[in-house]
Amino acid sequence: MRRRSLFTLSRLALLVILLLCLGSGFVVMGQTQTGSDADKVSISVDVSKPGAKIDRNLFGQFAEHLGHGVYEGIWVGPDSNIPNTRGIRNDVVTALKALRVPNVRWPGGCFADEYHWRKGIGPQRMVTLNSNWGGVVEPNTFGTHEFMDFLDQIGAEAYLSVNVGSGTPQEAAEWLEYLTTSQATTLGKERAANGHPAPYKIAYLGIGNESWDCGGNMTPDYYVSQLKIYSRFVRNFNPAQQGQQQMLKIAVGPGGPEARFTEWTEAVMKAWQNHQWSWDMNGLSLHSYTVLHWDKKLASMGFGETEYSQVLKATLDMDGLIAKHSAIMDQYDPQKKIALVVDEWGGWYAPLPGTDPGFLVQQNSMRDAVLAALNLNIFVRHADRVRMSNIAQMINVLQAMIMTDKEKMVLTPTYYVYKMYVPFQDATFVPVAFNAGTYVNGNISLPRVDAIAAKDATGKLWLAITNLDPNKAIEIDANVAGTSGKSAVGETLTAPKVDSVNTFEAPRTVVPKSVSTTVRDGKLTLKLDPKSVTVISVQ
Ligand code: AHR
């Protein structure tokens, strides 16, 4: 009796394990099943089936008046000892130029919905308070002209977020007239008198920010009525931006998977589907940060494998979130005219000890490099709908590219991922099939590997492969048949530990190193270090 029940139990247990495995996709993911080929992953790239264009705007940035994101990070003023061009730090400009930043969203964030542009133009700036971020003094020395100069220096397009919260349609309309008219209106002449006779180009206009929360706690219907008004009256007059080059308008979209955001996306998309000639929009924003507990955020350094795997698991939810809101958008816009714009995302951790909690200062580790690659891969796989993203935030705030301290500057692991991914800008998506395998840590299971592929304008094939496993190297066996290349060269980014960081004292702990391999009969093999991001091209 006893033996029989034990046997029954173990059969039951086996069945449960098998079902669990099937449910989580373990069974098909070969290399974890047998010991012999445990470290091998086969990848097959299908160059004959190119997909959507990977819009370079997927690699956009976000700079808010928050902590040292703008002041000290970008702006030091023309009288500073730190080398600068018209007040903008030269070291930061040089570093950002290497990323080929496509666009920068500014001035916020929550800050945007309290921003009054007139306080930041002309010789006399109004000194105000930054009530969202630490209640500190906002000198407004970095205003419209300084932002446009910064964009000019790094070669990026403007993504302006206009104030729908505490501002008026009239104020926003006048800002755009000031910026874009080529005619001798009072506002056009004022811009010229302030040093810029030619109209500026404003490529993207965000109509509000998180209007469901810090941007005014609006209901979906109330926001839709605001959206119509701002879309109608906030015009771009630049003669070079009519027709094909028109400014694209981005509406506030969802901020998570909750039901209230389903309702929000439905309301905005339904309104757009039935829109009259008098208003339009081209994008819907989505905000989603990787945060485990908003009230008890994880540390950005000094953590171990548990927190590493927890954060990566959470960040992969981005895929489901995009799929969910894309599906709603598909109902109202099957032709995918409206882009989903993920204009705030990234890892959000506890403020570094000793910093102002309102400044959102955190370190950036090898974990963030993997997190960045995984999210960029998700965006690329959704490139038919996701056509822009803006990581939060560019300098000194949240998951930054760059950190500064007075005259010092350090490039973060996330910076290097963006640099390695430059070839994917405006490349064409190429499908890639692989058995991801499973990396298990405690009760967390993650795909062990992730990969994307694309062809650039010259026809060169690029592969980006991430090994999430922090303990095991992987040998990639890639089939790249259809390419004529004889070798594959590129860079790999890894680090001694999951929480390795670059500091002002040790800035080269997490930096890419070169990799290369030969291609024989359309096949290549490459060893990938544990916790690494690798980008190679076949040539
Ligand atoms: O990026 C920091 C803040 O996060 C932004 O200001 C806001 O839009 C979001 O809640």
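Which residues are around the ligand? In this predicted model, where residues are numbered from 1 along each chain as its sequence is written, local features need pLDDT of at least 70, side-chain atom pairs count only at pLDDT 80 or more, and totals for chains, interfaces and linings use all residues. Side-chain values use heavy atoms, without hydrogens or water.

The residues around the ligand (a heavy atom within 4 Å) are Phe62, Glu64, Gly109, Cys110, Trp133, Asn209, Glu210, Tyr289, Glu344, Trp348, Gln393 and Leu398. By class, six are nonpolar, three polar and three charged. Here Phe, Trp, Tyr, Cys and Leu count as nonpolar, Glu as charged, and Gly as polar.

For glutamate 64, an N or O atom of the side chain is 2.7 Å from a ligand oxygen. Tyrosine 289 likewise has a side-chain N or O atom 2.7 Å from an oxygen of the ligand. For glutamate 210, the distance from a polar side-chain atom to a ligand oxygen is 2.8 Å. The protein covers 93% of the 280 Å² of accessible area (Shrake-Rupley method, 1.4 Å probe) that the ligand has on its own.

Strands S18 (residues 438-441) and S19 (residues 444-447) pair in the antiparallel sense over four bridges. Strands are DSSP runs of E with at least two residues, numbered from the N terminus; pairing requires at least two DSSP bridges. Valine 440 stands opposite serine 445 in S19. Two residues lie between the strands of this hairpin, and glycine 442 takes a positive phi near 60 degrees.

Notes: A polar contact is a pair of N or O atoms within 3.5 Å; within protein, one must be able to donate a hydrogen and the other to accept it, and residues adjacent in sequence count only if both atoms are side-chain atoms.
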